[in-house]
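The following report describes one predicted protein model, moving from its helices and sheet to a single loop residue and then to the chain as a whole.

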Amino acid sequence: MVARFPAPAVPLERLDETLRAQGYAVLQPDALAALAGVAVGDFDGLAPGWDDLPPDAHLKDGGRYRRRRHGSFIVEGGALRQVPHRRHWQPVEYNALHGGMDRWFAPLEPALVDDPAFARLVLGIAAACSRQRQVARWHVEVHQFRIDTTDGLGRPTPEGAHRDGVDFVAVVLLTRHRIKGGETRVFEADGPQGQRFTLEAPWSLMLMDDARVIHESTPIQPVDAGGGHRDTLVLTFREQGFLGDDA
C-alpha cells in the first residue's frame, strides 16, 4: 500500500502568515468559499464545464491524457475583466518541455466566465495575493484541466517539477474520479525543504509564491478498467503583463 499524506490545510485566518512563512498554503473548501465570499455549494455550478474540454493538441510527448481550456483576465480596482483570447506562452527556463511555443487553447466557455462564483473566486485569490505584495493590476491566466487515464497513465505535470514564471499560482481541485496517484509535491526553490500531500476535497486550494517554490503533481492511474480523471482549475497571477507580451 502506498502511503497517502493529507493536505496541510490551514484556517483562512492563517492563510496570509502561512503563505508568507513558507511560500505556499492550502485551504479546505469551506475556507476557500469564505475567501471568495460565497457558499461552498455556489461553486458547483462551475463543474459541468469540465465535461466539455477539448484535447490538448500541444503535448510533445504525444499523449492524449490532457484536456483544457484557457482564458486571460485583468484584476484591477477590485474588478475582473476578461481580455481578448490570446496565446499561452512560457519561456523554456520555466517549462523545458513546452516552453517557447505559441500554444493556443480553446477559450473558456461563457457559462463559466459569467457565473458570479467564478468572478468571486478569482477576485478572492487575487486579494490574497495583493496582501502578500501590493499590486495595482494583476494579469491572470485561467486554465481548466482534465487529466484522464486514456493512455493508462495521466501526467498532470509532464514538464516535471517547475515554476511557472509568474508571481503566484493557485491550484483548485475539483474532483478525483476513480484514480490513484496525483500527489502534490512542493519544494523550496533555493533550499532542501519539501512536502508531499494529496489534494482530495473538491474545491480545496493550494496557493503558491512562484518565486519561492517549485511544484509538481505525480502521474495518475485508474483504479479499475473503467478509467478515471482528475479535474483542476489553475490560475496564475503576474504583475508585469502576461507572459510572452514582451517576448
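## Helices on the sheet

Helix α1, covering residues 15-22, lies across β1, β5 (168-177) and β9 (204-209), and runs at about 145° to β1. Helix α2 (residues 29-36) also packs on the sheet, where it touches β1, β5 and β9, its direction making about 100° with that of β1. Helices (H or I, at least four residues) and strands (E, at least two) are DSSP runs numbered from the N terminus, and contact means heavy atoms within 4.5 Å. Axes are lines fitted to C-alpha atoms, for helices over the stretch in contact, with angles running from 0 to 180 degrees between N-to-C directions.

The model is predicted, so that local features need pLDDT of at least 70 and side-chain atom pairs count only at pLDDT 80 or more, while totals for chains, interfaces and linings use all residues. Residues are numbered from 1 along each chain as its sequence is written, and side-chain values use heavy atoms, with hydrogens and water left out.

## The seven-stranded sheet

Seven strands form an open sheet in the order β1-β9-β5-β12-β4-β2-β3, with antiparallel pairing; two strands pair if DSSP finds at least two bridges between them. Because β1 (24-27) and β3 (79-82) stand at the edges with a single partner strand each, one side of each is left without a neighbour in the sheet. Direction ignored, neighbouring strands of this sheet are turned by 20° against each other on average.

Within the sheet, β4 (residues 137-148) and β12 (residues 229-238) run antiparallel and are joined by ten bridges, and H143 stands opposite V234 in β12.

## A buried proline in a loop

The loop between β4 and β5 contains P156, which is buried, with a relative accessible area of 12%; buried means under 20%, exposed over 50% and partly exposed in between, for a 1.4 Å probe and protein chains only. Beyond its neighbours within four places in sequence, P156 is in contact with R66, I147, S217, T218, P219, I220 and R230. The C-alpha atoms of P156 and R230 are separated by 8.5 Å, although these residues lie 74 residues apart along the chain.

## The chain as a whole

The chain has four helices and twelve strands. Its C-alpha trace spans about 50 × 40 × 35 Å along the principal axes. Buried residues make up 52% of the 247 residues, and residues 24 or more positions apart account for 78% of the contacts with a separation of 6 or more.
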